[in-house]
Each structure stands twice: as structure tokens, then as C-alpha cells.
Amino acid sequence: MRVRRDLLELDSRLRRQGELRVGAYARRAARRRLARAAAGVALILVALALYGILRPPGARNAQGFLVAARCAACGNDVLARSGFGQTPPLVCSACGAVAAHPLWVCRACGERFTTEALEDVVCPRCGGKRVGFEKP
Ligand SMILES: [Zn+2]
Ligand SMILES: [Zn+2]
């Protein structure tokens with residue numbers, strides 16, 4: 001009779017320990033979930049901060065950004081609006097044709113030109129390689 005009670009006690013004690021372990025595990029898992037969520041929020045905040053820092057001041061707004069461009073249709077040098085990820089030709093702000101190509105400028109001779117090339121762009125006047133996009 002006495003042995004049986006001991007066994008019952010042992011059984012309930014083991015059960016309690018099991019529950020304790022489950023409780024501790026659940027708390028640890030909850031803490032891990034919380035840490036992961038906090039890390040995710042921190043990443044988003046860092047991304048937003050970087051976006052704010054790297055964004056050229058005044059050049060962008062919700063609709064995109066302005067690009068110094070030359071229109072192949074009317075020949076004017078214009079400021080064309082480009083959406084994010086949009087590729088040329090852009091809409092000419094002078095005549096409305098979708099024919100405005102970004103203006104490049106040669107740092108060596110000052111030539112301003114347009115090109116279809118996306119890499120290895122060289123100046124058509126002096127052949128210089130120090131070229132870049134004209135600032136709007
Ligand atoms: Zn035009
Ligand atoms: Zn040049």
C-alpha cells in the first residue's frame with residue numbers, strides 16, 4: 001500500500017517536472033519569436049534610414065526623379081521625369097514625345113551627348129572615358 005503511494009507521488013512529480021520543462025521551453029520560444037520580430041523591425045528601420053540618407057536631395061518625389069535629357073523628336077534639352085526602374089526613352093517635357101534620352105557629359109571636353117550604350121560609354125568628340133550623366 002505504501003509502495004503504491006510512493007509510486008503515485010513519483011509519477012505526479014515527474015509530470016510536474018515535465019510541465020515545468022514545457023513551460024520553460026514555451027517561454028524560450030516566445031522570447032526567440034520576440035527577438036526575431038525585433039530584429040525584423042530593426043532591419044526595416046535601417047533600410048528606411050539608408051533610403052533617406054542615400055536619396056539625392058530634392059531630385060526625387062513620389063512620381064520618380066528628374067533626368068537631364070535630350071529629345072530625339074524636337075531636339076530640345078529638357079528635364080524628363082523618370083519613374084523608378086523606368087528605362088529610356090522618357091517623355092519629353094517640351095513636346096510630349098517618348099523620345100527623351102538621358103544626357104551624358106564628358107568631364108574632359110565638356111561635350112554633352114546621348115547614347116544607346118549602357119556600358120563602356122565614351123565621349124563621341126574626344127573619345128574620353130570620363131563621362132557621366134548630366135546633373136538635372
Ligand atoms: Zn521633345
Ligand atoms: Zn570629350
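In which strand of the protein chain is confidence lowest, and in which is confidence highest? In this predicted model, strand 1, residues 60-61, has the lowest confidence, at a mean of 47, whereas strand 6 has the highest, at 97.

**View 1. The whole protein chain of the predicted model, with one helix and eight strands.** Read along the sequence, the elements of the protein chain follow the pattern α-β-β-β-β-β-β-β-β. The mean pLDDT of the protein chain is 84, and 83% of its residues reach 70 or more. Of the 136 residues in the protein chain, 11% count as buried. Among the contacts between residues at least 6 apart in sequence, 31% join residues that are at least 24 apart.

**View 2. Strand 2 and its antiparallel pairing with strand 3 and with strand 5.** Strand 2 and strand 3 run antiparallel and are joined by six bridges, and within this pairing A69 has V78 of strand 3 as its bridge partner. Five residues lie between the two strands of this hairpin, where G75 takes a positive phi near 80 degrees. Strand 2 is also joined to strand 5, residues 98-102, by three bridges, again in the antiparallel sense, and here R70 stands opposite H101 of strand 5.

**View 3. The two faces of strand 3.** In a regular strand, the side chains alternate between the two faces of the sheet. For strand 3, the covered face consists of V78, A80 and S82, while D77, L79 and R81 make up the uncovered face. Two residues of the covered face, V78 and A80, return in the next view, where V78 and A80 are among the residues that touch the most other members of the largest nonpolar core.

**View 4. The largest nonpolar core, a set of 13 residues.** The members that touch the most others are A69, C71, V78, A80, L90, C92 and A100. Strand 2 (64-71), strand 3 (77-82) and strand 6 (104-106) are the elements that give two or more residues to this core, and the largest share, three residues, comes from strand 2.

**View 5. The open sheet of three strands in the order 7-6-8.** Strands of a sheet pair through backbone hydrogen bonds, either parallel or antiparallel. In this open sheet the pairing is antiparallel. Strand 7 (112-113) and strand 8 (131-133) stand at the edges, and because each has a single partner strand, one side of each is left without a neighbour in the sheet. Strand 6 and strand 7 pair over two bridges, and V105 stands opposite R112 of strand 7.

View 6. Is E134 buried, exposed or partly exposed? E134 is partly exposed, because 17 other C-beta atoms lie within 10 Å, a count between the limits of 12 or fewer for an exposed residue and 20 or more for a buried one. Although E134 and V105 are 29 residues apart in sequence, they are 5.4 Å apart in space, C-alpha to C-alpha. Leaving aside its neighbours within four places in sequence, E134 is in contact with A68, L103, W104, V105 and R112; of these contacts, V105 and R112 are the residues that stand opposite each other in the pairing shown in the previous view.

Methods: Residues numbered from 1 in each chain as written. Chains lettered and ligands numbered in written order. Core = buried A, V, L, I, M, F, W, Y, C linked by C-beta atoms within 7 Å. Helix = DSSP H or I, 4+ residues; strand = E, 2+ residues; numbered from the N terminus. pLDDT = per-residue confidence, 0-100. Pairing = 2+ DSSP bridges. Contact = placed C-beta atoms within 7 Å.
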